[in-house]
There are 2 protein chains.
Amino acid sequence: MALKKDSPRIVLDRPNIDEAYHAVKAGISGHKTVVIIGKCSVDYEGRASSRLESGERIVLFKPDGSALVHRPRDYAPVNWQPPGSLFRTRLDEGQLQVRVFRRKENEILSARFEEITLVAVLDLRDKGEFYLYASEEDMKRAILAEPSLLEEGFRPLTAERPVEPGFIDILGFDRANTLMVVEIKRKAATKEAVKQLRRYVDFFTAGSEQKVRGILVAPDLARGAQRLLASLGLEFKALSPQRCAETLRKTRGKPLTEFFVHQ
Amino acid sequence: MALKKDSPRIVLDRPNIDEAYHAVKAGISGHKTVVIIGKCSVDYEGRASSRLESGERIVLFKPDGSALVHRPRDYAPVNWQPPGSLFRTRLDEGQLQVRVFRRKENEILSARFEEITLVAVLDLRDKGEFYLYASEEDMKRAILAEPSLLEEGFRPLTAERPVEPGFIDILGFDRANTLMVVEIKRKAATKEAVKQLRRYVDFFTAGSEQKVRGILVAPDLARGAQRLLASLGLEFKALSPQRCAETLRKTRGKPLTEFFVHQ
DNA sequence: TAATAAATGTCGTTT
DNA sequence: AAACGACGTTTATTA
């Protein structure tokens with residue numbers, strides 16, 4: 001059973017099992033988004049194993065090969081398979097069964113429906129862009145565009161050529177030509193971030209007499225990070241993602257969305 | 001508008017905005033699971049900020065206060081709020097808008113619907129147990145139940161009383177009464193795991209002449225972990241989660257499900 | 001409340 | 001393909 005071009009959409013309210021089976025099969029082979037709401041049990045075998053006993057859930061099968069089983073609670077799906085999985089639909093012992101295979105990890109997910117409340121087969125059109133801003137990357141770009149955000153006289157180096165260890169956010173020189181290693185965090189910097197910065201600074205001080213400054217840029221310092229920072233001889237510069245977003249907007253005179261990072 | 005006891009379920013196929021609004025509002029105030037499929041844009045403000053431009057999506061509102069916006073692709077929701085959030089439904093400029101507040105983190109998610117394909121208000125009954133096995137915790141329990149899985153003559157200490165640093169998986173003594181620190185991984189142990197074990201062993205060797213053995217228990221060693229392990233003077237014991245699950249079953253003579261960890 | 005570790009983490013980038 | 005780090009990580013556990 002193939003989906004007709006003029007009927008890319010199926011909604012079945014309390015379908016019988018055959019109706020549900022044909023709709024789901026057609027939807028999956030037609031690369032549609034399939035929603036099944038009903039009473040089901042779910043088994044998973046792969047990196048771990050699990051069994052979910054019978055209950056009413058919302059199950060999604062997406063055209064990219066991802067599958068999700070959602071209970072009426074929790075943020076996370078109780079069972080799932082990532083994109084790239086293969087769907088197989090069948091009738092087994094009078095029940096609708098959908099199996100989801102992921103060859104790469106040798107994983108299999110099986111959902112078996114005892115009762116079906118609703119089946120929806122949808123050709124969802126979603127080309128909308130997703131913009132996430134005030135990211136760490138935005139903060140980096142703001143400092144490169146306006147180095148005084150970090151310190152008067154700061155001259156970043158990263159903008160000109162990539163630095164040896166690519167994991168360093170920004171390298172540059174202060175007014176006195178002292179090398180500065182800049183580590184950026186978009187949230188309050190933790191002790192972990194401090195230790196990370198120390199390692200980066202060590203990379204440049206190793207086997208050298210040259211003084212190197214390590215600057216942690218973040219909106220705030222997390223509990224305990226202040227003391228560790230001081231004890232490791234590093235510095236802190238308070239800077240919020242919001243401030244960076246404003247700077248980007250002003251610097252280039254374009255709408256903020258221009259600077260969003262597309263996901 | 002309250003949901004009547006005898007109509008705990010609403011399915012609206014291509015509803016008009018007023019029908020949709022009343023159904024969603026009733027569903028949310030009645031602590032039902034609400035599914036809205038339609039064309040919407042989504043804004044988020046909180047730890048970061050995001051804007052999702054118009055497109056057709058599946059949006060879930062659960063009775064526990066969690067919300068999910070799913071595009072027709074990807075495993076992860078494009079936007080969400082965790083359980084405990086507050087829902088507010090309203091009609092705004094002729095569109096259905098649902099806002100989700102999370103006071104604690106000062107986060108807000110707003111979904112605005114231009115077109116509504118489907119609204120479902122459901123009273124999902126889901127008491128089914130979820131069992132996950134072959135977890136790291138299961139491996140630990142298996143070794144405690146059957147110490148020879150690790151090594152002939154191994155006597156675990158953890159079972160008797162909790163150990164000082166609670167982050168160590170198992171502590172015990174070998175046949176020669178040498179202290180053993182056991183780190184368990186359910187997947188191939190990475191270099192990170194090796195370094196972790198080294199830190200734990202150091203905790204016991206610090207300021208002591210006593211020899212301490214560090215054993216990494218895992219089904220396999222990841223690339224590079226072998227060399228690091230040897231260079232740090234640690235040992236490896238191959239053990240699979242499956243083997244542990246079998247041992248648990250044999251040891252106690254109960255069905256495997258008895259040993260599942262309930263999530 | 002804060003810190004820490006685990007997750008079927010997922011997802012991207014780089015080696 | 002493996003490895004490494006980031007994530008609005010989330011979640012559970014422990015101090």
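In the predicted model, a base nitrogen of DNA strand D lies 3.2 Å from an N or O atom in the side chain of E107(B), and another contact of this kind places a base nitrogen of DNA strand D 2.7 Å from a polar backbone atom of W80(B). Residues are numbered from 1 along each chain as its sequence is written, chains are lettered from A and ligands numbered from 1 in the order of writing, and side-chain values use heavy atoms, with hydrogens and water left out.

DNA strand D is surrounded by 15 residues, the closest being K187(A), W80(B), Q81(B), K191(B) and R223(B), where a residue is near the strand if one of its heavy atoms lies within 4 Å of it. Of the atoms of DNA strand D that come within 4 Å of the protein, 68% belong to sugar and phosphate. The surface near DNA strand D draws its largest share, three residues, from strand β5 (residues 79-81) of chain B, strands being DSSP runs (E, at least two residues) numbered from the N terminus.

Between the protein chains, 54 residues of chain A are in contact with 54 residues of chain B, contact meaning heavy atoms within 4.5 Å. The size of an interface is often given as the accessible area lost when the parts come together. Chain A and chain B bury about 4800 Å² between them, of which 57% is on carbon and sulfur atoms; this is the accessible area (1.4 Å probe) lost on putting the two parts together, summed over both.

Six salt bridges are counted between chain A and chain B, each defined as a side-chain nitrogen of Lys or Arg within 4 Å of a carboxyl oxygen of Asp or Glu. One of the salt bridges joins R9(B) to D13(A), with the closest N and O atoms 2.3 Å apart. On the side of chain A that touches chain B, the largest share, eleven residues, comes from β3(A). The antiparallel strands β9(A) and β3 (residues 49-61) of chain B are joined by four bridges, strands being paired if DSSP finds at least two bridges between them, and Y133(A) stands opposite S49(B) in β3(B).

Definitions and conventions
This is a predicted model: local features need pLDDT of at least 70, side-chain atom pairs count only at pLDDT 80 or more; totals for chains, interfaces and linings use all residues. A polar contact is a pair of N or O atoms within 3.5 Å; within protein, one must be able to donate a hydrogen and the other to accept it, and residues adjacent in sequence count only if both atoms are side-chain atoms.
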